[in-house]
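User: I have just opened this model and would like to be walked through it. Please start wherever you like, and I will ask as we go.

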Amino acid sequence: MGFYSEVSSPFGQAYIVEQNEHITHLLFEKEELDSMKAQDPDLAHQETALLQLAKCQLTEYFRGKRKAFALPMHQEGTVFQKKVWEALLSIPYGESRSYSDIAEAIGHPKAVRAIGQANKKNALPIFIPCHRVIGKNNTLTGYAGNETDKKAILLEIENIPYKGK
């Protein structure tokens, strides 16, 4: 059985999902939550201790008071995707990396586009900081699909410079 809770973000209401005592999703759209609920009718709105902790840490992050998350997290993915997500966790708060930097870090220097696709599949944005990956020339590139406005807000929270700021 899974649970979800709502949290306010700088770009509107977001939804945190817990399954098997792990945070598994951070959703920015109500439609995404509705789709999950359609696939899992037992997904219940409930303020569990873990969801309360996740909401607290996320709110602290949005206020610039938290630089890292201490939560049990889990998401399904391929071996390659998991390598990418692990590499994202190594990017320090307030710093960015390019897609090619991540490709090099995981030993797949030519897999730049695949890095972007793995970022797009990240079900735990912010918690696993795919927003810290920007274009090689410091430009904003896709985030949560094409939502670079959200990426810009997150980079500004962390004072990460990028072109167009």
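Analyst: Helices (H or I, at least four residues) and strands (E, at least two) are DSSP runs, numbered from the N terminus. This is a predicted model, in which local features need pLDDT of at least 70 and side-chain atom pairs count only at pLDDT 80 or more, while totals for chains, interfaces and linings use all residues. Residues are numbered from 1 along each chain as its sequence is written, and side-chain values use heavy atoms, with hydrogens and water left out.

User: Is E21 buried or exposed?

Analyst: E21 is exposed, because its relative accessible area is 63%; buried means under 20%, exposed over 50% and partly exposed in between, with a 1.4 Å probe and protein chains only.

User: And what is phi of E21 near?

Analyst: Phi of E21 is near 60°, a positive value in a residue other than glycine. Most residues other than glycine have a negative phi. N20, in the turn of the hairpin that strand 2 and strand 3 form, also has a positive phi, of about 50°, and that hairpin has 2 residues between its strands.

User: How many bridges join strand 2 to strand 3?

Analyst: There are 5 bridges between strand 2 and strand 3, and the two run antiparallel; strands count as paired if DSSP finds at least two bridges between them. Within this pairing, Q19 has H22 in strand 3 as its bridge partner.

User: What order do the strands of the sheet have?

Analyst: It is an open sheet of 4 strands in the order 3-2-1-4, with mixed pairing. Its edge strands, each pairing on one side only, are strand 3 (22–27) and strand 4 (44–45). Strand 1 (residues 2–9) is joined to strand 4 by 2 bridges, and these two strands run parallel; there, H45 in strand 4 is the bridge partner of Y4.

User: Which strands does helix 2 lie across?

Analyst: Helix 2 (residues 49–62) lies across strand 1, strand 2 (12–19) and strand 3, and runs at about 20° to strand 1. For such angles, axes are lines fitted to C-alpha atoms, for helices over the stretch in contact, and the angles run from 0 to 180 degrees between N-to-C directions.

User: Stepping back, how many helices and strands are there in the protein?

Analyst: The protein has 6 helices and 6 strands, and from the N terminus on its elements run β-β-β-α-β-α-α-β-α-α-β-α. Its C-alpha atoms fill a box of roughly 45 × 35 × 25 Å along the principal axes. Buried residues make up 44% of its 165 residues. Of the contacts with a separation of 6 or more, 59% are between residues 24 or more positions apart, where contact means heavy atoms within 4.5 Å.

User: Moving on, what does UniProt list for residues 4–73?

Analyst: The unreviewed UniProt entry lists residues 4–73 as "domain: Methylguanine DNA methyltransferase ribonuclease-like". UniProt positions are given in the numbering used here, feature names are shortened, and annotations may be inferred rather than shown by experiment. In the model this span is 34% helix and 31% strand, and its end C-alpha atoms lie 14 Å apart.

User: Which residue does the "active site" annotation cover?

Analyst: In the unreviewed UniProt entry that annotation covers C130, which is found in the loop between helix 5 (112–120) and strand 6. C130 counts as buried because its relative accessible area is 4%. I126 is also found in the loop between helix 5 and strand 6; it counts as buried at 2% relative accessibility, and it has a positive phi of about 75° although it is not a glycine.

User: What is G135 in contact with, leaving aside its neighbours within four places in sequence?

Analyst: With those neighbours left aside, G135 is in contact with S98, Y99 and T141. G135 lies in the loop between strand 6 (133–134) and helix 6 (148–157), and at 8% relative accessibility it counts as buried. The C-alpha atoms of G135 and S100 are separated by 8.6 Å, although the two residues are 35 residues apart along the chain.

User: Last one: where is the place of Q81?

Analyst: Q81 has its place in helix 3 (residues 79–89), and it counts as buried at 16% relative accessibility. Leaving aside its neighbours within four places in sequence, Q81 is in contact with A118 and K121.
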